[in-house]
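Subject: Model for your review

Hello,

Here is the structure I said I would pass on. My notes follow it.

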Amino acid sequence: MNRTKDSSTSLRIAIQKSGRLTDKTIALLEGIGIDFDNYKRNLIVKTRNFDVELLLLRDDDIPEYVQDGVCDLGFVGANETQETGADVTPIRDLGYGKCRLSLAAPKNGSIKKPEDFAGKKVATSYPNLTRSFFKERGIDIQIIEISGAVEIAPQLEVADAIVDLVSTGGTLRANGLVELDTILESQTQLIRTNKELSPGKQQLIEKFLVRMDGHQQAAQSRYIMMNAPVAAVEKIKEIIPSMKSPTVMPLAEEDMVAVHTVIPLEKFWSVMEELKEAGASDIVMLPIESMIL
Ligand SMILES: Nc1ncnc2c1ncn2[C@@H]1O[C@H](COP(=O)(O)OP(=O)(O)OP(=O)(O)O)[C@@H](O)[C@H]1O
Ligand SMILES: O=P(O)(O)OC[C@H]1O[C@H](OP(=O)(O)OP(=O)(O)O)[C@H](O)[C@@H]1O
Ligand SMILES: [Mg+2]
């Protein structure tokens with residue numbers, strides 16, 4: 001594969017070419033200012049303003065490309081990384097692509113718990129994780145490896161039960177299956193090769209992470225502005241879980257100030273009521289484009 005940039009310096013990042021993770025991963029990269037050519041048609045996509053090129057792959061293949069150092073970083077689900085047992089290091093949990101790898105069996109059948117799987121045929125696309133789950137429990141099963149549409153295996157009598165990914169549970173219900181236990185809670189992770197990297201690449205990874213962390217933090221934070229009597233400022237400072245002390249600016253109206261700060265989104269509504277009680281008014285919440293911590 002010809003490298004489109006000097007691979008000793010530019011970072012090569014693997015992302016899913018087309019599937020559940022693609023849009024969120026592309027949005028994250030665009031959110032940290034990485035512009036690139038149309039990614040829909042190409043397998044390698046050059047970026048214009050950051051020393052990175054993207055490799056678009058099937059998600060199953062990403063852990064091994066990163067393990068082998070063909071890519072330095074990869075965006076992939078923990079389910080795929082753990083199924084392959086790839087020698088890589090997850091360095092960020094990204095909060096999207098959430099799902100779980102679970103045991104399931106026919107709703108009205110005799111299999112109700114892991115022990116009931118003994119001696120049974122189990123259909124799955126995740127043989128390694130399935131095998132180790134039952135081996136750890138001393139339960140002997142027969143694995144039937146299927147690459148997709150695993151949920152129909154019991155009704156076709158190809159298997160007695162399954163291990164497959166679940167997020168809403170809709171596919172299980174549609175196929176008369178009930179979820180019995182969870183092997184792994186998964187989400188998309190940023191994984192890093194364990195191969196030795198040049199100092200230049202290590203610095204690029206640090207720079208990439210600063211941008212990514214800032215973008216993630218901004219998405220989970222809001223900028224708030226309010227007016228308040230000077231006498232209420234100390235109480236307001238106690239209420240707001242601010243990263244650092246808020247900005248306080250005098251207003252034309254005597255003994256009134258404007259208070260600006262950044263707070264975590266999930267705290268906004270509880271904090272707003274307390275701020276009102278403390279005497280704040282005209283409280284406005286704004287999204288944050290990005291932050292550098
Ligand atoms: N309900 C779900 N089913 C499957 N994967 C899910 C689900 N929810 C989240 N994910 C995550 O999305 C990842 C990609 O799922 P997708 O269905 O796009 O994979 P795929 O069909 O194997 O695609 P590819 O062609 O890239 O191999 C999964 O590995 C998992 O980490
Ligand atoms: O709990 P749910 O929300 O129903 O999601 C679970 C289903 O989604 C995935 O299949 P997908 O639709 O990705 O098709 P695939 O198996 O071909 O990847 C997975 O293999 C399950 O079948
Ligand atoms: Mg796949």
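In helix α8 (residues 268–277), the buried residues are Phe-268, Val-271 and Leu-275. Buried stands for under 20% relative accessible area, exposed for over 50%, and partly exposed for what lies in between (1.4 Å probe, protein chains only). The three lie on the same side of α8, because they cover an arc of only 70° around the axis; the arc is that of the directions from the helix axis to the C-beta atoms. In general, an α-helix has 3.6 residues a turn, so residues three or four places apart point the same way.

Before the rest, the conventions. This is a predicted model, in which local features need pLDDT of at least 70 and side-chain atom pairs count only at pLDDT 80 or more, while totals for chains, interfaces and linings use all residues. Residues are numbered from 1 along each chain as its sequence is written, chains are lettered from A and ligands numbered from 1 in the order in which they are written, and side-chain values use heavy atoms, with hydrogens and water left out. Helices (H or I, at least four residues) and strands (E, at least two) are DSSP runs, numbered from the N terminus.

Which exposed residues does α8 carry on the face turned away from its buried side? They are Trp-269, Lys-276 and Glu-277. The buried residues of α8 are covered by elements including β12 (221–229), α7 (233–239), β14 (256–264) and β15 (281–287); contact means heavy atoms within 4.5 Å. After α8 comes Gly-279, with a positive phi near 110°.

**The four-stranded sheet**

An open sheet with antiparallel pairing runs in the order β13-β14-β12-β15. Two strands pair if DSSP finds at least two bridges between them. β13 (247–250) and β15 are the edge strands, each with a single partner strand, so one side of each has no neighbour in the sheet. From one strand to the next the twist averages 20°; axes are lines fitted to C-alpha atoms, for helices over the stretch in contact, and angles run from 0 to 180 degrees between N-to-C directions. Four bridges join β13 and β14 in the antiparallel sense, and Val-248 has Val-259 in β14 as its bridge partner. α8 packs on this sheet, touching β12, β14 and β15, and its direction makes about 160° with that of β15.

**The six-stranded sheet**

The other open sheet has mixed pairing and the order β2-β3-β1-β4-β11-β5. Its edge strands are β2 (44–46) and β5 (88–93).

Regards
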